[in-house]
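Please look over the model below before reading the notes.

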Amino acid sequence: MSRVYTIEIKPDEAEQRLDRWFRRKFPHVTQGQIEKLCRKGDIRVDGGRVKANSRVGPGQSVRIPPLPEPGTAPRRTAARISKADAEMMRDTVLFRDEHLLVLNKPSGLPSQGGSGQSRHIDGLSEALCFDHHEKPRLVHRLDKDTSGVLLMARTQRMASALTAAFRARDTRKIYWAVVAGVPHPAMGTIKYGLVKAPGHGAKGQAEKMHCIHPRAVDEVEGAKRATTDYAVLSRLASRAAWVALVPITGRTHQLRAHMAEMGHPIIGDGKYGGSGQENLGEGWGAQLGGDISRKMHLHARSLQIEHPVTGAIMNFTAPLPPHMVKTWDTFGWSVADVPVDPFEDPE
């Protein structure tokens, strides 16, 4: 067993979850051991108690308690990932170079582990090492049931640079969704603030956000301002619409909560568009019935970012997942009929 000491997080290390930082420093310590050490208060950050999923960043000091000796708890390796999962992960790769990876995340697969989640992108990413000795790192996340473009860094230095780019909003993300009813006007901006609803599980497994009127955001404890641009790309009479969404801010469940607040929940979103959800269509809530899948119809269609090393402006586009392809075919919608970026001013 080692002694008690502290480690200061280096300036070139990206802000990240404590458990992810800890596993990189001490790969022989299991996730369960980290969570237990946090619960007991043995692991502390800047002298205070923390949870395993607490965010830590450069300049903070982490108290390291006595740890088991290396070799007593083997690190999870790519060999423990099934052949099917390894092939599935490699099939999601849209782009890779020496510095970054771009995936088309499948719907239903979480970005990171959490309560009851043992199979996720972060854990399976060891199948994406390719010619590198370390596994790629997440620099942003998508909800479990949201598909589409997901960026990963292949080195710690790239993780810091890409995380900074997302934090500074030096990226452009466009999502596609199918919503109940047809928003009016056909293009606009939603500025409702968001606050986490109380009483939804100790570990956030049923986390839900409430919308707050922009004028009341400063008066509500914990509320944060949130802004979403939207544009209607096509419609199915008054029943449903294909919309493009751009999150100007990056709040939890922002797009889902904002569309539900407008009265147009995203199809397949049981959390924000239950059967009692009112909308401007025909009152179907977040389900259309018939042959339309009950899965979430929210897809991170494209991402634009400046490459941290080359400086090139890079654009990545993810094909729709199978259940959304079927919906497009059913409604007679065509990807070729809409602009890549409907928010751009025509020349």
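1. Is cysteine 211 buried or exposed? Cysteine 211 is buried, at a relative accessible area of 19%; buried means under 20% relative accessible area, exposed over 50% and partly exposed in between, with a 1.4 Å probe and protein chains only. Cysteine 129 is buried too, at 16%. The disulfide count is zero, a disulfide being a pair of cysteine sulfur atoms within 2.5 Å.

2. On the source: this is a predicted model, in which local features need pLDDT of at least 70 and side-chain atom pairs count only at pLDDT 80 or more, while totals for chains, interfaces and linings use all residues. Residues are numbered from 1 along each chain as its sequence is written, and side-chain values use heavy atoms, leaving out hydrogens and water.

3. The largest nonpolar core has 29 residues, and Ile121, Leu245 and Leu298 touch the most other members. Such a core is a set of buried Ala, Val, Leu, Ile, Met, Phe, Trp, Tyr and Cys residues joined through side-chain atoms within 4.5 Å. Among the elements that each supply at least two residues are α3 (83-91), β16 (240-247) and β17 (298-306); helices (H or I, at least four residues) and strands (E, at least two) are DSSP runs numbered from the N terminus. Apart from this core lies another of 20 residues, including Trp242 and Trp328.

4. Leucine 245 touches, among others, Tyr175, Met259 and Leu298, not counting residues up to four places away in sequence. Contact means heavy atoms within 4.5 Å.

5. Strand β7 (residues 93-96) runs antiparallel to β8, joined by three bridges; strands pair if DSSP finds at least two bridges between them. Valine 93 is opposite leucine 103 in β8, and a hairpin of three residues links β7 to β8.
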